Amino acid sequence: GDDIYDEGPGPTSPPTTNLVIRGAMLFSVGVFLALVLNLLQVQRNVTLFPPDVISSIFSSAWWVPPCCGTASAMIGLLYPCIDRRLGEPHKFKREWSSVMRCVAVFVGINHASAKVDFANNVQLSLTLAALSIGLWWTFDRSRSGFGLGVSIALLATLATQLLVYNGLFQYTSPDFLYIRSWLPCIFFAGVITMGNIGRQLALYEYKFVQEKTHQD
């Protein structure tokens, strides 16, 4: 069943190669999502990159997707690790269809931030905050997930403030110091999404290792 993958290091403990493979997969997902979401934001001119979309993806902010990829890999590997440490295996909705829905909802939340017109930014931020917490409630529901999501979102927001402050890129109409006030909600939803993918990969790997040991 899917109720155990917090077995601590035993004879079936997955080797580093599996960890690297998982990290690489998470990295690619992160880069892919960053490119897709960047396109959405550029179309709406939320971030000021050159108007030519293709060149804007590859020149002005070339460092954004790798950063997102690295963060995604770290988050995706961290979540299963923390579940193990806390001895709370994550049992809620553990199948790929649920993970795919989670990714779709995350992209949807981003799409809303770029496309839907709200009367003011406070409304937009509150709506996105509600959607992000809804995403966590629908696909995660673990306290560790929520805590990690909030702390990583705050750190990422701080990092973005510093990048904007140092002039690496800028938001078209910042309303919260140097950035848009809805950014932490997007980060939170992203962390929950990557955490979900990471847990699912860890579970998949655990089952694979278990089957191998049974065969041996």
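Helices (H or I, at least four residues) and strands (E, at least two) are taken here as DSSP runs, numbered from the N terminus. The model is predicted, so local features require a pLDDT of at least 70 and side-chain atom pairs count only at pLDDT 80 or more, while totals for chains, interfaces and linings use all residues. Residues are numbered from 1 along each chain as its sequence is written, and side-chain values use heavy atoms, with hydrogens and water left out.

The protein contains 7 helices and 0 strands, and from the N terminus on its elements follow the order α-α-α-α-α-α-α. Of its 216 residues, 42% are buried; buried denotes under 20% relative accessible area, exposed over 50%, and partly exposed the range in between (1.4 Å probe, protein chains only). Among contacts with a separation of 6 or more, 80% join residues 24 or more positions apart, a contact being defined by heavy atoms within 4.5 Å.

The unreviewed UniProt entry carries the annotation "transmembrane region" for residues 19-40, 122-139, 146-165 and 177-197. UniProt positions are given in the numbering used here, feature names are shortened, and annotations may be inferred rather than shown by experiment. In the model, residues 19-40 are 100% helix and 0% strand, with end C-alpha atoms 32 Å apart. Residues 122-139 are likewise 100% helix and 0% strand, and their end C-alpha atoms lie 26 Å apart.

The largest nonpolar core comprises 34 residues, and those with the most contacts inside it are Leu128, Leu135 and Ile197. Two or more residues of this core come from each of helix 1 (16-43), helix 3, helix 4 (96-115), helix 5 (121-139), helix 6 (143-165) and helix 7 (183-215). Helix 7 provides the largest share, 10 residues. A nonpolar core is a set of buried Ala, Val, Leu, Ile, Met, Phe, Trp, Tyr and Cys residues joined through side-chain atoms within 4.5 Å.

Helix 5 has 19 residues and should span 27 Å at 1.5 Å a residue, in agreement with the 27 Å between its end C-alpha atoms; the expected span is 1.5 Å times one less than the number of residues. Its buried residues are Leu124, Ser125, Leu128, Ser132, Leu135, Trp136 and Phe139. Viewed down the axis of helix 5, these residues fall within an arc of 110 degrees, so they line one face of the helix; the arc is that of the directions from the helix axis to the C-beta atoms. An α-helix has 3.6 residues a turn, so residues three or four places apart point the same way. The buried residues of helix 5 pack against helix 4, helix 6 and helix 7, whereas the face turned away from the buried side carries the exposed residues Val122, Leu126 and Ala130.

Beyond its neighbours within four places in sequence, Leu135 is in contact with Cys102, Val105, Phe106, Ile109, Asp140, Ala189, Ile192 and Thr193. Thr193 belongs to helix 7 and is buried, with a relative accessible area of 1%. Apart from residues up to four places away in sequence, Thr193 touches Cys102, Val103, Phe106 and Leu135. The C-alpha atoms of Thr193 and Val105 are separated by 9.1 Å, although the two residues are 88 residues apart along the chain. Cys102, Val103 and Phe106 are among the buried residues of helix 4, which also include Ser98, Val99, Ile109 and Asn110.

Just after helix 5, Arg141 takes a positive phi of about 65 degrees, although Arg141 is not a glycine. Most residues other than glycine have a negative phi. Arg141 lies in the loop between helix 5 and helix 6 and, at 39% relative accessibility, counts as partly exposed.

Helix 3 (residues 64-86) has 23 residues that should span 33 Å at 1.5 Å a residue, and its end C-alpha atoms are 32 Å apart, which agrees. Its buried residues include Pro65, Gly69, Ser72, Tyr79 and Asp83. Cys67, also found in helix 3, is partly exposed, with a relative accessible area of 44%. Cys67 and Val31 are 36 residues apart in sequence and 8.1 Å apart in space, C-alpha to C-alpha. Helix 3 is followed by Gly87, which has a positive phi near 65 degrees.
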